Amino acid sequence: MVYFIGAGPGDVDLITVKGRRLLKEADVVIYAGSLVSTEHLNFCKEGVEVYDSSSMNLDEITQIIGNAYRQGKRVVRLHTGDPTLYGAILEQMRELDKLNIPYEVVPGVSSFTASCARVKREFTVPEVTQTVILTRISGRTPVPEEEDLEVLAAHKSSMAIFLSVHEIDRVVEKLKRGYQDENVPCAVVYKATWQDEEVIVGTLKDIADKVKDKNIRRTAQILVGYFLNDNGTYSRLYDKNFSHEFRDAL
Ligand code: SAH
């Protein structure tokens with residue numbers, strides 16, 4: 001069996017218990033060196049074969065996995081955050097399907113939830129928004145027109161924008177047009193849960209300058225939306241006058 005495992009956003013303790021166990025047992029580990037901390041490899045057994053995928057292409061990755069699998073080795077493919085988001089695992093799974101190699105995907109803590117945790121906010125706030133949009137700006141990877149940042153921002157939902165901080169000016173322009181408000185709060189979280197994490201807070205008016213002052217050009221989440229203000233509303237979940245499946249109203 002081959003395991004695609006989410007390593008979490010940075011802090012090595014943010015991998016799941018299952019992910020850590022499989023990593024400890026692995027004979028071969030292929031990790032996304034650009035964003036996965038090498039500290040994870042300290043948990044591997046002695047003699048483990050380790051490959052950094054950041055300089056490899058799909059054929060090379062498939063070949064390593066295929067060879068190891070045929071030799072009866074346990075293979076872990078370690079991805080940053082959660083593997084189902086911008087992880088390019090689909091194409092890898094497709095290749096394994098062609099070779100009849102079985103695999104499982106083990107989820108992880110994504111950088112978007114880790115970033116929200118670092119700013120101590122909740123994406124879904126009663127009477128503010130009940131929706132989170134995960135997206136990115138178009139670049140070399142095209143984004144469908146209907147999902148342009150301006151169009152998505154018009155929903156005024158909470159947003160977590162991946163892979164876009166290097167284009168902060170263009171991001172902010174589109175968001176301003178979509179939200180029709182320059183005072184929307186923003187937080188840019190660089191390397192959430194790593195040692196060199198940076199959190200920058202502001203609004204659509206000033207966030208771009210603050211990001212450029214800090215020279216942040218990669219590995220950051222752009223969180224946007226009114227959820228970043230605490231509007232003082234309460235949920236029904238802990239409301240003493242509201243009963244639900246697990247608790248009766250007073
Ligand atoms: N699968 C990953 C995303 C991979 S794409 C996940 O679930 O988080 C890489 C992008 O993710 C980066 O450009 C950045 O926007 C974001 N990212 C990854 N790690 C991050 C971290 N520790 N802090 C902030 N953003 C991060």
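Student: In this predicted model, with which residues is valine 224 in contact, leaving aside its neighbours within four places in sequence?
Tutor: The model is a predicted one. Once neighbours within four places in sequence are set aside, the partners of valine 224 include Ser157, Ser158, Met159 and Ile161. Also in contact with valine 224 are Leu175, Tyr179, Val184, Pro185, Cys186 and Leu204.

Student: Which residues touch the most other members of the largest nonpolar core?
Tutor: The largest nonpolar core has 26 residues. In soluble globular proteins, nonpolar side chains tend to be buried together. Within this core, the members that touch the most others are Met159, Leu175 and Val224.

Student: Which element gives the largest share of this core?
Tutor: Two or more core residues come from each of helix 5 (149–153), strand 7 (158–162), helix 6 (168–179), strand 8 (185–190), helix 7 (207–213) and strand 10 (220–224). The largest share amounts to 5 residues, and the element that gives it is helix 6.

Student: How many residues make up the other core, which lies apart from this one?
Tutor: Among the members of that other core are Tyr3, Val29, Val36 and Val106. Its size is 15 residues.

Student: What distance separates the centres of domain 1 and domain 2?
Tutor: The chain is divided into domain 1, spanning 2–106, and domain 2, spanning 111–228. Taken over C-alpha atoms, the separation of their centres is 29 Å.

Student: Which residues of domain 1 lose the most area to domain 2?
Tutor: Contact between the domains involves 11 residues of domain 1 and 13 residues of domain 2. The area buried between them is about 850 Å², with carbon and sulfur atoms giving 73%. On the domain 1 side, 58% of what is buried comes from three residues together, namely Pro9, Leu85 and Tyr86.

Student: Is aspartate 148 buried, partly exposed or exposed?
Tutor: Aspartate 148 is found in the loop between strand 6 (132–136) and helix 5. Buried would require under 20% relative accessible area, and exposed over 50%. Because its relative accessible area is 22%, aspartate 148 is partly exposed.

Student: With which side chain does the side chain of aspartate 148 make a polar contact?
Tutor: The C-alpha atom of aspartate 148 is separated by 29 Å from that of asparagine 57, 91 residues apart along the chain. The polar contact of the aspartate 148 side chain, at 2.8 Å, is with the side chain of lysine 174.

How values were computed:
Residues numbered from 1 in each chain as written. Predicted model: local features only at pLDDT ≥ 70, side-chain atom pairs only at ≥ 80, totals over all residues. Heavy atoms only, no water. Core = buried A, V, L, I, M, F, W, Y, C linked by side-chain atoms within 4.5 Å. Buried < 20%, exposed > 50% of the residue type's maximum accessible area, 1.4 Å probe, protein only. Helix = DSSP H or I, 4+ residues; strand = E, 2+ residues; numbered from the N terminus. Contact = heavy atoms within 4.5 Å. Domains from an automatic or database assignment. Buried area = accessible area lost by both parts, 1.4 Å probe. Polar contact = N/O pair within 3.5 Å; in protein donor to acceptor, adjacent residues only side chain to side chain.
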